[in-house]
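Please look over the sequence and the model below before you read on. The notes that follow are meant to guide a first reading, topic by topic.

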Amino acid sequence: MSRCWLTGASSGIGAALAQQLLEQGHQVALGARQAENLAPLTAQFPQQTLLAIGDISDPRQVADVAAHIERSWGGLDLVILNAGTCEYLEPGHFDPDLVERVVRTNLTGVSHCLHAALPLLRRGQRPHLVVIGSSVSWLALPRAGAYGASKAAVRYLIESLRIDLVNEGIDVTLISPGFVDTPLTRRNDFPMPQIWSAERAARHIVVRLPKRPLEINFPGVFTVVLRLLGAMPVRWRLKLGQRLARKQQD
């Protein structure tokens, strides 16, 4: 069984992944900003869990987490970078601070985790790096500029990094989910087509991880449609975005 570091393990897809990986017998370093939300998992699986508490946007905290994992386990076989956030830009109210917050977690935070995790993966058995992106990176949508930009950057970063890591024997999987029922998406005030439960999403991921695919995308129809729409001419994509956009709020 693998030694796994899972970020964002306290809720949503991360919590569901943690539960299922632990039930399979894996050792899991549970990443979150606060330990309280991880108490049920650590109580249920005391011999398999390691608390990895820290804010991924702070490189010093991430380094401390990695050092804790190294002292405890020596290395890692599986890393799942799942932690992320989402905020929306309202029409007519562009907010650079919002963009910075989202990018700091979704892109820079992932970068800090990569820097900390790669040396540990190099000491692992059949190392596997898994990063949660988003299907929104295929098609620009209204209000999603900050979130989409961060996830599009993650896609490019991971696909580029994969080229370097293949010669080191580190497999890399990028996961691009559609809508999943999580505390973040429950704040959305718009329809979310083909939304999955976090448990269903986690099952879909966990079943496919042993084959180490380059990508895992879901739901199938939703992600195929997004990719096809994203391949349309720019002017057509603009027209589609205008139809989906909400009117400016005063």
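The briefing below goes from the sheet to its strands, then to single residues and a pocket. The structure is a predicted model, so every value given here is computed from that prediction.

**The sheet as a whole**

- Seven strands form an open sheet with parallel pairing, and their order across the sheet is E3-E2-E1-E4-E5-E6-E9.
- Strand E3 (49-53) and strand E9 (215-218) stand at the edges with a single partner strand each, so each of them has one side that is left without a neighbour in the sheet.
- From one strand to the next, the twist averages 15 degrees.

- Is strand E5 (residues 128-132) enclosed or open to the outside? Five of its five residues are buried, so the strand is largely enclosed by the rest of the structure.
- In a regular strand, the side chains alternate between the two faces of the sheet.

**The partners of E5**

- Strand E4 (residues 78-81) pairs with E5 in the parallel sense, and four bridges join the two; within this pairing, valine 79 stands opposite leucine 129 of E5.
- To get from E4 to E5, the chain passes through helix H4 (residues 96-121), and this β-α-β crossover is right-handed.
- Strand E6 (residues 171-177) also pairs with E5 in the parallel sense, here over five bridges.
- The chain goes from E5 to E6 through helix H5 (residues 145-165), in a β-α-β crossover that is right-handed.

**Strands E2 and E3**

- Strand E2 (residues 27-32) and E3 are paired in the parallel sense over five bridges, with leucine 30 standing opposite leucine 51 in E3.
- The chain runs from E2 through helix H2 (residues 39-44) to E3, and this β-α-β crossover is right-handed.
- Glycine 31 belongs to strand E2, and because buried means under 20% relative accessible area, its relative accessibility of 5% places glycine 31 among the buried residues.

**Distances along the chain and in space**

- How far apart in space are serine 176 and serine 134, which are 42 residues apart in sequence? Their C-alpha atoms are 4.1 Å apart.
- Serine 176 is located in strand E6, and with a relative accessible area of 1% it is buried.
- Glycine 31 and leucine 139 are 108 residues apart in sequence, and their C-alpha atoms lie 30 Å apart in space.

**Backbone details**

- Most residues other than glycine have a negative phi, and most peptide bonds are trans.
- Arginine 126, which is not a glycine, has a positive phi of about 45 degrees; this residue lies in the loop between H4 and E5.
- Arginine 143 is not a glycine either, and its phi is positive at about 70 degrees; its place is in the loop between E5 and H5.
- Are these two arginines buried or exposed? Arginine 126 is exposed, with a relative accessible area of 57%, whereas arginine 143 is buried, with a relative accessible area of 13%.
- The peptide bond that leads from phenylalanine 218 to proline 219 is cis, with omega near -10 degrees, and proline 219 sits in the loop between E9 and helix H7 (220-230).

**The second largest pocket**

- The second largest pocket holds about 290 Å³ of space.
- This pocket is lined by 14 residues, of which Ser2, His26, Leu78, Pro210 and Arg212 are the closest to its centre.
- What kinds of residue make up the lining of the second largest pocket? The lining residues divide into six nonpolar, five polar and three charged.

Definitions and conventions:
Residues numbered from 1 in each chain as written. Predicted model: local features only at pLDDT ≥ 70, side-chain atom pairs only at ≥ 80, totals over all residues. Heavy atoms only, no water. 1 Å grid on protein atoms, 1.4 Å probe; cavity = no way out; pocket = protein on both sides within 12 Å on 5 of 7 lines; lining within 4 Å. Points joined across faces, edges and corners; volume = space filled by probe spheres on them. Nonpolar A, V, L, I, M, F, W, Y, C, P; charged D, E, K, R; others polar. Buried < 20%, exposed > 50% of the residue type's maximum accessible area, 1.4 Å probe, protein only. Pairing = 2+ DSSP bridges. Right-handed = clockwise from strand over helix to strand, strands pointing away. Axes fitted to C-alpha atoms, helices over the stretch in contact; angles between N-to-C directions.
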